[in-house]
Protein chains: 2
Amino acid sequence: MVFYLCQKPFVEPESHFDSYFKSAFTVDNVIFGFDEGALKVLLIRRNEAPFEDCWALPGHFVRQNEDLDEAARRVLWEMTGLENVYLEQLFTFGAPGRHAYGRVITVAYYSLVKIADFTPQALTLTREVAWHDLTTLGELAFDHNEIIVTARDQLQRSIRNRPVGFELLPPEFTLTQLQHLYESIWETKLEKRNFRKKILSMDLILPLNRTQKGVSHRPARLYRFDETRYRKLTREGFNFEVKG
Amino acid sequence: MVFYLCQKPFVEPESHFDSYFKSAFTVDNVIFGFDEGALKVLLIRRNEAPFEDCWALPGHFVRQNEDLDEAARRVLWEMTGLENVYLEQLFTFGAPGRHAYGRVITVAYYSLVKIADFTPQALTLTREVAWHDLTTLGELAFDHNEIIVTARDQLQRSIRNRPVGFELLPPEFTLTQLQHLYESIWETKLEKRNFRKKILSMDLILPLNRTQKGVSHRPARLYRFDETRYRKLTREGFNFEVKG
DNA sequence: ACAAAAGTGTTAGTGATACACCCATGA
DNA sequence: TCATGGGTGTATCACTAACACTTTTGT
């Protein structure tokens, strides 16, 4: 038999704890977008040391009384102007020595956005903001290359069971665009007929009476994602799944 | 065209950063075990304020020059005597106010162990160590109940695609034990014949020429997990999957 | 009329589900 | 001999995978 006895703590720090309260933590945001058939990540060029002038993830220190999620949102907004972005916690990186000024661990967040919905702008602590193609990234500040690799792995896993792909596409898209999105994230080729059958059989994307404009071949039909229906099906136990 | 210019940082902290270096971080370990048909978690009774005498996850401060993974291993060992446990990072909890002595964020780790492999013992900072049934947990220190819920959700997801279940069972186990393990983690009932067919068709567990002892009914055959084969198949693109 | 991508149907095989009875052992 | 859980086979259905040709549009 186990007794649970759980009182409210005394607010009376003991002195031998003081030595632990000398660290800092930051948040770093990995924002993915998809454009011109390629996966992109939003980077900033730093305005301050260390790594001044280097490209880096938009990230900065968390304030003393700020929740982590809140800090991630604030920092993203302050550095790039992006607002109302759904950020998900990814992983925490805390190797000693990863920051030159002291012990700093960083909580990485990630998100998927539609590139057309935002016009990133260099604000605080930022010389420049730009979308970078994932396949041609150079060396970034701190351990940010490693963070991006982790985020990309996570993305590869998560598009399998959650319809996250739709978050990266414009509201109206063609099935071929969706297929290319999966192909570029997984770095594979998918079979057109089976992919379409699978996607359409879920009844999650609605055909519109509109088609692509300005292409020099047969224009493709446009579709949009039926989020309401997705939520309903999910409540009923439906499981989204696309195989690679 | 984007230029990447990424120099080594100067080690010259600027004074306006000082205010950020006043936080601490801890690691907390959620160690799951499985015994008597029920899922268990390893808890300690605390030896120091805050929450002295309360049950809590084995967790403590990370040292200044210690990697997070390393700290999790050390703390687990120091508090419970468990060694050589494979810990995986789970999530980071950082609500302001979660610790009475200042801003403390905690990186939670989790692991699955075979209960019989260890004899937990109360060491540093620990009055008592014990396995607790997950279904009858009382109120724990800090936000540890929330951390355990997160770990449990993660466990429910991860036993689907990784043969983690075998880590919780003794090296030799019966198929019914394995099925009960899945059932208690998912809180569902599975169909015996189909479960066995599915598991055996993967050729990952080897039948032994031994059976259960000391049961008052037909004794079940014992099996063991073929880890070598699992690694080989995984390299070849095989995907473990058990459906609920 | 040609180039370029859109769009579609069928078949064979594999895996999932649902279901009921006999077997081996200890008490 | 009875109670208890161990153990198996088959039929149906759903999904996956593999495959080639016709359609629509712009140039």
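Modeller: In chain A, the axes of helix 4 and helix 5 (residues 192–201) cross at roughly 105 degrees and come within 11 Å. Axes here are lines fitted to C-alpha atoms, for helices over the stretch in contact, with angles from 0 to 180 degrees between N-to-C directions. Helices (H or I, at least four residues) and strands (E, at least two) are DSSP runs numbered from the N terminus. Helix 4 of chain A and helix 5 of chain A are therefore roughly perpendicular to each other; angles of 65 to 115 degrees count as such, those under 35 as roughly parallel, those over 145 as roughly antiparallel, and the rest as oblique.

This is a predicted model, in which local features need pLDDT of at least 70 and side-chain atom pairs count only at pLDDT 80 or more, while totals for chains, interfaces and linings use all residues. Residues are numbered from 1 along each chain as its sequence is written, chains are lettered from A and ligands numbered from 1 in the order in which they are written, and side-chain values use heavy atoms, with hydrogens and water left out.

On the helix 4 side of this contact in chain A are Leu175(A), Thr176(A), Leu178(A), Gln179(A) and Tyr182(A), which meet Lys192(A), Phe195(A), Arg196(A), Ile199(A) and Leu200(A) of helix 5. Contact means heavy atoms within 4.5 Å. By class, the contact of helix 4 with helix 5 in chain A has 6 nonpolar, 2 polar and 2 charged residues. Ala, Val, Leu, Ile, Met, Phe, Trp, Tyr, Cys and Pro count as nonpolar, Asp, Glu, Lys and Arg as charged, and the others, Gly among them, as polar.

Helix 4 of chain A (residues 175–186) also packs on helix 2 of chain A (residues 144–161), at an angle of about 140 degrees and with the axes 9 Å apart. That makes helix 2 of chain A oblique to helix 4 of chain A. Their crossing is left-handed, that is, the near helix is turned anticlockwise from the far one by less than a right angle, clockwise being right-handed. Tyr182(A), Ser184(A), Ile185(A) and Trp186(A) of helix 4 meet Arg152(A), Leu155(A), Gln156(A), Ile159(A) and Arg160(A) of helix 2. This contact of helix 2 with helix 4 in chain A has 5 nonpolar, 2 polar and 2 charged residues.

In chain B, helix 4 (residues 175–186) and helix 5 (residues 192–201) have axes that come within 11 Å and cross at roughly 105 degrees. That makes helix 4 of chain B roughly perpendicular to helix 5 of chain B. Ser184(B) is in helix 4 of chain B. Neighbours within four places in sequence aside, Ser184(B) is in contact with Phe34(B), Gly37(B), Leu39(B) and Arg152(B).

Rings of Phe, Tyr and Trp (its six-membered ring) pair if their centres lie within 6.5 Å; planes under 30 degrees apart count as stacked, over 60 as edge-to-face and the rest as tilted. Over all chains there are 20 aromatic pairs.

Some backbone details remain. The peptide bond from Ala49(A) to Pro50(A) is cis, with omega near -5 degrees, and Pro50(A) is found in the loop between strand 2 (38–46) and strand 3 (55–56) of chain A. In chain B, a cis peptide bond joins Ala49(B) and Pro50(B), with omega about -10 degrees. Asn84(A), a residue other than glycine, has a positive phi near 55 degrees.
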